[in-house]
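Me: I am new to reading protein models, and I would like to go through one slowly. Could you take me from the chain as a whole to its details?

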Amino acid sequence: MPANNRAILWQFGLLMLVVPLQYYLTQRNPMSPTERSYSVQRLVSSLSVMKDNMLSIKTWQKWYFECVDYITTTVKNLSSQGSATSSNQAKYTDTDDDEDDEGESPAIEVMKLKDPQGYFAGSPEPRTPRPSNVKYRVGQVIRHKKYGYRGVIIGWDPVAKAPKEWLDRMHPKDKQHWSSIPNYSVLVDTRDRTSPQTTYVVEENIEIVSNTKVIHPEIDNYFEHFDGTRYLARPFLKKLYPHDQ
């Protein structure tokens with residue numbers, strides 16, 4: 001319908017409404033002609049304002065876009081909060097408070113899923129009793145004798161536990177005995193190797209370093225803090241290596 005026709009219909013409807021309202025006002029509250037005229041003018045003015053606010057297409061469009069913007073912003077905020085919460089829970093999943101009713105740490109369950117074969121000191125089975133041939137302990141800071149990089153021990157196997165093809169490639173023919181002695185999983189200091197790495201080092205290539213902290217993005221997943229000489233393991237790691245600390 002053309003805008004002019006809508007305006008005419010609105011004005012006509014307004015006039016039709018004023019007549020009964022005027023009669024109602026005169027019967028309910030007797031007043032002088034001047035007061036009655038003033039009341040009617042105020043009523044008409046109020047109705048006009050209501051028309052502009054409630055029946056205008058622009059008003060409804062503005063309200064619609066405001067609602068859409070509010071809903072979109074709310075959903076984004078809720079998504080961000082959910083991500084942050086999930087991120088924090090994943091980071092601290094190995095604390096005492098996260099242990100389940102059976103006393104198993106979720107961090108150990110992750111290890112089972114990550115490497116079901118338990119290669120590279122990844123077995124979730126506790127190392128107890130501690131074999132007498134294992135010289136070094138979880139949390140000790142080391143230096144690789146050949147390559148010179150520093151790191152911290154996060155696990156060990158009394159004998160090498162890795163895929164055969166890996167052992168054949170990494171252990172030279174004149175070093176076949178490496179597969180029969182302790183091997184250690186080590187977080188490598190990113191100051192020595194810029195890309196974060198975890199290595200599996202035979203005991204013969206390890207020497208202990210004193211009063212040295214290691215920088216690695218995953219170090220807080222395994223240790224609570226550095227006491228000046230070594231790193232103190234988180235609860236799940238203590239359960240795996242109960243005699244190391």
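Me: In what order do the elements of the protein run from the N terminus on?

Reply: Helices (H or I, at least four residues) and strands (E, at least two) are DSSP runs, numbered from the N terminus. In this predicted model the order is α-α-α-α-β-β-α-β-β-β-α-β-β-α, with seven helices and seven strands. Residues are numbered from 1 along each chain as its sequence is written, local features need pLDDT of at least 70, side-chain atom pairs count only at pLDDT 80 or more, and totals for chains, interfaces and linings use all residues. Side-chain values use heavy atoms, with hydrogens and water left out.

Me: What is the mean pLDDT of the protein?

Reply: pLDDT is the predictor's confidence in each residue, from 0 to 100. Here the mean is 75, and 53% of the residues reach 70 or more, while over residues 80–105 the value stays under 50. For that stretch the model has 25 contacts (heavy atoms within 4.5 Å) beyond four places in sequence.

Me: In which order do the five strands of the open sheet stand?

Reply: Two strands pair if DSSP finds at least two bridges between them. The order in this sheet is E4-E3-E2-E1-E5, with antiparallel pairing. Because strand E4 (198–202) and strand E5 (206–208) stand at the edges with a single partner strand each, one side of each has no neighbour in the sheet. Between strand E1 (residues 141–144) and strand E2 (residues 150–157) there are three bridges, and Val141 has Val152 in E2 as its bridge partner.
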